[in-house]
Each structure stands twice: as structure tokens, then as C-alpha cells.
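Biologist: I would like to learn how to read ligand sites in a model. Please take me through one.

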Amino acid sequence: MPTNITQVVEMQRLHIHILNKIAESLALKGVMQMSAKIIIGTQFGDEGKGKIIDCLAEDSDIIARFQGGNNAGHTIVVGDETFKLHLIPSGVLHKNKTIVIGNGVVVDVKILNAEIESIEKRGHKIGNLKIAGNAHAIMPWHKAIDNHEEKLRTKKIGTTGRGIGPAYMFKAGRTNAIRMYDFKDEKRLAKIITETIEKNKDYFRRINYTCTETDLIREYTAISKKIKPYICDTSILLNKALDNNKKVLFEGAQGTFLDIDHGTFPFVTSSNTVSSAACAGTGIGPKRITEVLGVVKAYTTRVGEGPFPTEQENKTGERLRKEGHEFGTTTGRPRRCGWLDLVMLNYAKNLNSLTGIVITKLDVLSGLDTIKVCTTYRTGKNETEIYPLDLPDLKEAKPVYKELPGWTEDITVVKNYEQLPQNAKDYLKFISERLSLPVKFISVGPKRSQTIMM
Ligand code: GDP
Ligand code: IMO
Ligand code: MG
């Protein structure tokens, strides 16, 4: 019988390992296929999802985005080249993959078109791209409303200004919303544009949004011709693929604590970013999901406003920003930096049904004498492991830290777990044990080759 927590965790690991082996062998015999993996951010976004999805895409058939829009910025480094993707799924740089923009995504077709052109210009063919006909479009007025609303706010959210919130507002409002299917019918598209401008002309004038209807129709009709071939029912496509034992990777954008329901509302984005959104956002059922991997940056960052208990507005924060190159991929804003927060991560584990974690940017911690990890919050006289969802409680929460010894070695060249310094191993072990989750991959640099598989 196990006598302490380490032994319990080791036994759990062994059980998971045995179950995985059974599942793998069944898959090889064609009895069962481990086929639908969701990869999501467990913090405030920018955990390094793009890199991990690119790595896992190699062994997948389909890579599908399911929420958000071009507020996302997913960085992939291939050889000497860096790609910053905002809408196109992060499997695009592999040959012979199907890449899907699911119905839960809000699509700025101008950005999409520019992104397709830019990737192709760099010599990568956009293979089999499919866009859900029932995904909604971000139009120029959404961006104008986004920026206007942000200006009016006394407490800023710090949105990316990409029109994300208003596009989801129009979708939920069900008036003057434009879906990808509308781009397949030029007359229908022109009619909605005309109606929207007509109905909102006073409002648009008030927020200083000016446009010429004919120019807009001409511009969007031209784009519609380019994107039309990609538009289809992606739910049917994904369900059929899963029926045929294809391997599908669901690519999350943003992070758990930017979720519209479960995040630090109102300092959140306008979509559900948790793993269950992968189902609604692509049109598959929850029973399909076989694995949910949470990407965990080895420390925490946040762009934009909102509570951040472990934030370090001091030399430590500056050091993490400098060493981790923590500047927004989409807006270039400096990211706020702080220590890892296990209270948040334990909450994220439940919200997402995580089956494992991927630790990224471990290399950024090299050279620190001591690494702090928040294990509980103190509120008044109480200490709690439970994440407070109500904003005033969260603002009051003071992190309680466990201090772990750092390491000095450069780990960016480390190829396997055994080669890691003992203190780095202990750091990983501490996180894994406190979350009771296995670490599946460790990332020690932005390149594909700087990834350790456990
Ligand atoms: P995403 O939005 O979650 O895909 O993350 P971003 O691409 O916005 O930000 C992550 C940044 O860290 C990018 O510049 C990546 O190239 C970089 N990155 C990813 N993994 C690692 C890592 O393990 N170490 C280092 N040093 N950089 C990494
Ligand atoms: P990836 O996918 C980090 C933040 C914005 C702002 C808030 C609301 O690269 O991890 P929005 O424009 O969505 O209405 O802004 O959410 N935000 C992100 N922060 N990474 C992202 O995406 C983000 N997408 C939105 O900074 O605070
Ligand atoms: Mg990003």
C-alpha cells in the first residue's frame, strides 16, 4: 500500500501508463483509436499553444480551431523561420493535413485572406483548408465598435481591438450577423451589408465609423470569391473523420482564465475558451474526446487588464519578460509577468477535465536562485486552495508561495528528461504532484526540436 503522496502519484502514473498502453495496443488492432485531442491554454493565453500544436500536428490528420478569432497569436518556429498565426490553425506548416476553422471561431475574412497569401508567399502551400459555413464573420463595424467601447470604459479591458466582442454580440443578437455561408452568395452578402449600414447609420456616425456601402460590397465580394471554395459543413467532415479513426487535434486559443464564463470577468475575451468549447465550436459530441492537454507556461503572464495574483511588478517580472521575450504576438504589448499559480491551475484542471499537462518555457527559469510557486491564497485570516471566482475576492487574495531551488544550467539543448538538472526535475515533479496530472511534454525553447516527450 502507498504510504505517502509521492507513492500515490507514482501509482496513479503507473495506472495511467498501463491504461495508455492498453489503449494504444487496441488502437493498433483497429479496435479503438485515440483520436480526438484538445490542446488548450490553462492560464491567461500565450502559454505556447502554437508551438505544441505544431509539434503534435505531425502525428494528426486534422487540426481544428474552435473559438476566438484573430485576437489569437500563435507562434511557430520552423528552422530559421518564425510564423505568427492568428486564424489559420497551427497545423498549416505540415504537408497533407486538413485544417479546419470551426463554427465557434469569428472570422475576419480580410485577415484570413492576408494570412493565406502571406503563408503561401513564404513557400508553404495551404493544403486542405475548410471553413465552417456557420462560423460568423468579423466586419469592419465590429472593430469600430470594439475600439469605441474600449474608449468609453472607465475600467479598460485592454482588448486587442480586433472586433472579437462585437462579432460575438451580433451573433448572439441574431440581427445583422454575417456567416461564412453568406459569402457563398454575393447577393445575400450585399443585402446584409446594406441592411446593416442602413439600420445602424446613426449609431455608426456617433462612433465615427464611416464607410461607403458600394466600396464595402465591392471589397467583400472580391474576398468572397477567394474564400468561397473553403466553406462547407465542417461538423460533418469532422464526425466522418472520427468515424474513420482519423486523428483530430482541437486547437484552443486564449486561455482558461480569459473564458467568458469561467475567467476573470469582465477582463476576459468573448468566447468560451475551456475544453468543452471544442465540441460546440466544431459540432462534435463530448463522447468523442479522448485527451485534453493543458499547456502550462512555467511561470504566468497576462496581456491586458484584470487581476493577476502572482504578478511581479519588480525586477523578477522584468527578468521573466526579458528572458521570455514576453511581448504580445498580436499587439506587441509587454506581457505582465509573475510566478506560477497552482491555485489557478487546479481550477483549470477541473474546468477542462485535463488528462495531462505540457510545461513550456522551462528554459526561461534557468539562472534563478529560487523559484516561487503559489500553492494557496490567503484572504484575511484564511488560507485556501480554492480559486475565488468573484472578482473582489480574487483581488483580495494574497498568494502564499513555496520556494524551490533554481538551476544554473542552460537547458535549451536538453533532449531528454534524464539530462535535465535535478532542480528542474524537482520543479516539474512538484507541479505534477500538486495537480495530480502527468507531464506529457516539456518545452525548453521555441523550436520543434526543443521539445522533450515524457
Ligand atoms: P500561444 O498564443 O499560446 O501560441 O503563445 P505565443 O506564440 O503567443 O507565445 C509564446 C512565445 O514563446 C512564442 O514566442 C514562442 O515562440 C515562444 N515559446 C514557445 N515555447 C517556448 C519555450 O519552451 N521556450 C522559449 N524560450 N520560448 C518558447
Ligand atoms: P492566444 O491565443 C493573450 C486578451 C486581451 C484582453 C482580453 C480581451 O495568443 O493565447 P479581446 O480582443 O479578446 O476582446 O481581448 O483578452 N487576449 C489574449 N491574451 N493571448 C491571447 O490569445 C489573447 N486573446 C485575447 O489582451 O485582455
Ligand atoms: Mg499568443
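Biologist: Which side chain has an N or O atom 2.9 Å from an oxygen atom of ligand 2?

Modeller: The side chain of Arg 333. A polar contact is a pair of N or O atoms within 3.5 Å; within protein, one must be able to donate a hydrogen and the other to accept it, and residues adjacent in sequence count only if both atoms are side-chain atoms. Before going on, note that this is a predicted model: local features need pLDDT of at least 70, side-chain atom pairs count only at pLDDT 80 or more, and totals for chains, interfaces and linings use all residues. Residues are numbered from 1 along each chain as its sequence is written, chains are lettered from A and ligands numbered from 1 in the order in which they are written, and side-chain values use heavy atoms, leaving out hydrogens and water.

Biologist: Which polar side-chain atoms lie 2.7 Å from an oxygen atom of ligand 2?

Modeller: One belongs to Lys 49. Another belongs to His 74. The protein covers 97% of the 550 Å² of accessible area that ligand 2 has on its own. Such areas come from the Shrake-Rupley method with a 1.4 Å probe; for residues, only the protein chains shown count as cover.

Biologist: How many residues surround ligand 2?

Modeller: A residue is near a molecule if one of its heavy atoms lies within 4 Å of it. For ligand 2 there are 20, with Thr 160, Gln 254 and Thr 269 among the closest.

Biologist: Now ligand 1. Which residues are closest?

Modeller: Lys 49, Thr 75, Thr 329, Asp 363 and Ser 443, out of 18 that surround ligand 1. A side-chain N or O atom of Asp 46 is 3.0 Å away. For Lys 361, the side-chain distance is 2.9 Å. Gly 48 uses a backbone N or O atom, at 2.8 Å. Taken alone, ligand 1 exposes 580 Å², and the protein buries 91% of that.

Biologist: Which element gives the largest share of the shell around ligand 1?

Modeller: Helices (H or I, at least four residues) and strands (E, at least two) are DSSP runs, numbered from the N terminus. Helix 2 gives the largest share, three residues.
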